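Please keep the structure in view while reading.

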Amino acid sequence: MVFSFLKAIRPIGGWRGGRHVPLLAVLAGFLLASGLAAQGQGTLERLRAKGELVIGTDATYPPFEYIENGQLKGFDIDLGNEIGKELGIKVRWQPMAWNGIFGALETGKIDMIMSGVTITEERKKKGNAFSRPYFLSGQTIARRKGDQRIRGLQDLKDKIVSVQEETTGQYALQKIGVPDDHILKFDKLQDGLLDVRNGKSDAAVADMPALKTILRKGFPELELVGDVFVHENVGLVVRPGEPDLLEAVNRGLDTIITDGRYARIYEKWMEEPATPALLSELTRVRNEGSSVEALRKAAPRSGSALRLDWGLMREALPQLLAGARMTLAVTFLALILGVPLGLLIALARLSGLPPLKLVATVYVEVVRGTPLLMQIYVIYFVLPSLHINLSSLVSAVTALSLNAAAYISEIFRAGIESIEAGQMEAARSLGLDYAGAMRWVILPQTLRRVLPPLTNEAVALLKDSSLISVIALSELTRKGTELSANSGRPTTIYFAVALLYLAMTLPLTYLTRRLEARWQPVSRARQRLRKAKPLLASTGGQP
Amino acid sequence: MTVSRTGAMPALLGTNPGAPVLAMENLYKSFGRLEVLKGISLEVSEGAVVGLIGPSGSGKSTLLRCINRLEAPTAGTVRFRGVEVTNANLNQIRREIGMVFQRFNLFPHLTALENVTLAPRKVLGLPKEQAEREGLELLDQVRLRAKAGNYPDELSGGQQQRVAIARALALRPAVLLFDEPTSALDPELVGEVLEVMRDLARQGRTMLVATHEMGFCREVASRVLFLDEGIIREEGPPEQVLVAPQQARTREFLARILNR
């Protein structure tokens, strides 16, 4: 049943965007993870037998983890490799997007997360087990150099502030009462900083070490301001059902911190010495991770990840519906603009005028040949350097409609070319000019033929619209990742997200099928018959 | 309904009523290296019914399509009532020249009546009501008034071709071109279409008919042209060309057709 469901949500043309893959992976993970996550005891034995420890990390966060010259490196990486040595298991690093990382842990794709994750009660409550703290961190603010309006946290209340989605920076802003639509949540911190540089947001909030390093590496126009305002601890994340792994990791960290390896790694990446004060503070907070004892006592989580948490789903629904509204609005606007534009491009390509044809052909090839994600990026992040500053929403609709227009134009072109030449000849020989023949004879027939591929395109567009989350728009997929990012139950959320997508696409395909059926000759005849019957009855005559 | 429709339209600006309806002079047409028409000159006077016969590939269709410029001639001129047909006056002149195709080419998304009224409404700008009234009269003339609300795919081939004839008549053209109108029909449906065409000839309409129906030509045509390899090999009254042809090529062709 699950397989047929997967098949049902897959569009005929195949997946076009990359964003649906984690969703699918999670759904598939329903089945695969069931046996795996169940085993509470013997995790270490299992990992040793497997011969590798898979650690997930979002490698966009220097100095903790980042990729340079194709090499994964950073504070977490060095430290994590040492932990592997302590456990006697080889570490395999699995770079992945932040918003998929908790789901990957839950479904057993990775064994632990080491990605500068801040330990919070909220995250513990939602079914994550934290190691002892291995880094003392805090949040701070980045602003454009010399922007005196922003001196501290309180100045951000009425400003537009960028964060990486579902990070403790975001929570800090929410706590001081910054309205949700003033917090721009990006996939990557760097995108948020780009937004500050472009003047679209006023400041960014993030972990102090990460912010410091990223500013030094690529944002000379920005500066840090004020002190660290929230002190927080960073830990590794494991599944709560695996207390023996957690215990081993904690012991490993203890050893690494006391034998001096920690201080060396710290100095290498933070470019300052690990002072005795820092090390003693790190020891003082040792117990702020999850309690191994408590986890041992807790009833083992009942088996598979397949369980759906209906309470959580009800709780999440209003937010998900808000995301679905955004998805629908953006898709609808993009179609309203993209269909006529696509038709114009198709007509330009079919026109006999070489310059028009050339422009249209180049347009279609360039747009089809480059990823939609890049087009969204260019319109939102690059156009400001040409002094074209579009809001997130306008950028999103522009990018999606320009992109859809290229595909739609090809649908129309194929449709128009499929109409027999005799139709145009008959129309022209009746004295209709080219435009009239198109308008009254060719296009009405084309529309009937292109309806199925056009619906397909609309469905694809609806799902591709999830890409606009990179410019901080909270559409459905983004809402889903937000809600599941720090919950231990991403499967429930993603399941609800998938159902909502279906709820939007199914009526569309149903409507199309009805329309197609209405245009079939047989049902046309039936309609006429229905209309004629009462007439015959009233006159009592024969047809 | 026997009122003649010819002349009901205001005459095309600058035309000469005394001139022949159609006059072709030295028409050439090539498709790439293939030369299909090799110098055709021909005059068609008011009320004439010209039968175009000849083997497949002899240029019958191309000649008709050059007249209303569905194909632009490579060289030579076509005049309508003395006015040369050019790209500039093409849409004007096409209203005066109705065309019926071998494959009907009805508009499948429109009913029979809508097929007939499209051009009067969109080209001439007639109000819907008037266009439909006249359209129904035309469908009556081809004996299909009862099928006015049917779509082409609900009609037989013969019925479709009769609707196509009504459609070609809707702009009250001065001349009708028929491009093998019965070649795509099942044999038992040929008769009803020829019957309608006979009616039109009786009404005194000017017609050019490319056809393989020799019986029809003999009965209806005022003149028959035998086209062969892109030239007019022989022409004259039907009883001469069809019964006592002068040319060996004509005789061979007729022998092949009649022994089919």
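**Sheet and interface of chain B**

Helix 9 (residues 248–258) of chain B lies across strand 3, strand 9 and strand 10 of chain B, at about 95° to strand 9 of chain B. Helices (H or I, at least four residues) and strands (E, at least two) are DSSP runs, numbered from the N terminus; contact means heavy atoms within 4.5 Å; axes are lines fitted to C-alpha atoms, for helices over the stretch in contact, with angles from 0 to 180 degrees between N-to-C directions. The model is predicted: local features need pLDDT of at least 70, side-chain atom pairs count only at pLDDT 80 or more, and totals for chains, interfaces and linings use all residues. Residues are numbered from 1 along each chain as its sequence is written, chains are lettered from A and ligands numbered from 1 in the order in which they are written, and side-chain values use heavy atoms, without hydrogens and water.

The open sheet of chain B has six strands in the order 6-7-8-3-9-10, with mixed pairing (two strands pair if DSSP finds at least two bridges between them). Strand 9 (residues 223–228) and strand 10 of chain B run antiparallel, joined by five bridges, and Leu227(B) stands opposite Ile232(B) in strand 10 of chain B.

One salt bridge is counted between chain B and chain A: Arg65(B) pairs with Glu425(A), with the closest N and O atoms 2.6 Å apart (a side-chain nitrogen of Lys or Arg within 4 Å of a carboxyl oxygen of Asp or Glu).
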